[in-house]
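This dialogue takes a protein model and goes through its features one by one. Each answer gives the general idea and then the case at hand.

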Amino acid sequence: MNEAPAAQEATSALITFEVVKESYGWAIRRDRQMMTPMWCRDLAVAEAERMVEALRRHGERAEVRICETDEGAQGLSLAQ
């Protein structure tokens, strides 16, 4: 009987895909691991959105975040 709350809790976790600038182009990352390299930002965003929509159709909570580089800063900042 305790399986239902555990299963519901597992599906309620938010899955985040980050679109980040890399030295070769752009990448889609999840949990700080690269999933997919892309040549341009628009392709990376479109692919990340497709992954999010596929997960949402299966009842998962998912989002896309786009991390832009700040010229002069070495780190990535999250675009809001």
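Q: Which residues does V52 touch, not counting residues up to four places away in sequence?

A: Contact means heavy atoms within 4.5 Å. By that rule V52 touches F17, A62, E63 and V64, with residues up to four places away in sequence left out.

Q: What kind of model is this, and how are residues numbered?

A: This is a predicted model, in which local features need pLDDT of at least 70 and side-chain atom pairs count only at pLDDT 80 or more, while totals for chains, interfaces and linings use all residues. Residues are numbered from 1 along each chain as its sequence is written, and side-chain values use heavy atoms, with hydrogens and water left out.

Q: How many helices and strands does the protein chain have?

A: Helices (H or I, at least four residues) and strands (E, at least two) are DSSP runs, numbered from the N terminus. The protein chain has two helices and five strands. Read from the N terminus, their order is α-β-β-β-α-β-β.

Q: Where does V52 lie, and is V52 buried or exposed?

A: Buried means under 20% relative accessible area, exposed over 50%, and partly exposed in between (1.4 Å probe, protein chains only). V52 is part of helix α2, residues 41-57. Its relative accessible area is 3%, so V52 is buried. The C-alpha atoms of V52 and I15 are separated by 8.3 Å, although these residues are 37 apart along the chain.

Q: What percentage of the residues of the protein chain count as buried?

A: Of the 80 residues, 24% count as buried. Accessible areas come from the Shrake-Rupley method with a 1.4 Å probe; for residues, only the protein chains shown count as cover. The protein chain exposes about 6000 Å², and carbon and sulfur atoms supply 49% of that area.

Q: Which residues of the largest nonpolar core touch the most other members?

A: A nonpolar core is a set of buried Ala, Val, Leu, Ile, Met, Phe, Trp, Tyr and Cys residues joined through side-chain atoms within 4.5 Å. The largest one here has 13 residues, and F17, V19, W26, I28, M38, A44 and A48 touch the most other members. At least two residues of this core come from each of β1 (14-22), β2 (25-30), α2 and β4 (61-69). Helix α2 gives the most, with five residues.

Q: Where is the place of F17, and which residues does F17 touch beyond four places in sequence?

A: F17 sits in strand β1. With a relative accessibility of 4%, F17 counts as buried. Its contacts beyond four places in sequence include I28, M35, A48, M51, V52, L55 and V64.

Q: With which side chain does T16 make a polar contact?

A: A polar contact is a pair of N or O atoms within 3.5 Å; within protein, one must be able to donate a hydrogen and the other to accept it, and residues adjacent in sequence count only if both atoms are side-chain atoms. The side chain of T16 makes such a contact with the side chain of E63, at 3.1 Å. T16 is in strand β1 and is buried, because its relative accessible area is 19%. Leaving aside neighbours within four places in sequence, T16 is in contact with R29, R30, E63 and R65.

Q: How many salt bridges does the count come to?

A: A salt bridge is a side-chain nitrogen of Lys or Arg within 4 Å of a carboxyl oxygen of Asp or Glu. The count comes to seven. One of them joins R65 and E63 (2.8 Å, N to O), and R65 is partly exposed at 33%. R41, D42 and E68 are linked in a network of salt bridges.

Q: Which salt bridge does E53 form?

A: E53 pairs with R56, the closest N and O atoms being 3.2 Å apart. Both lie in helix α2, three residues apart, about one turn of the helix. E53 is partly exposed at 39%, and R56 is partly exposed at 42%.

Q: How many disulfides does a search of the whole structure find?

A: A disulfide is a covalent bond between the sulfur atoms of two cysteines. The rule used is a pair of cysteine sulfur atoms within 2.5 Å. The search finds zero. C40 is partly exposed at 30% relative accessibility, whereas C67 is buried at 5%.
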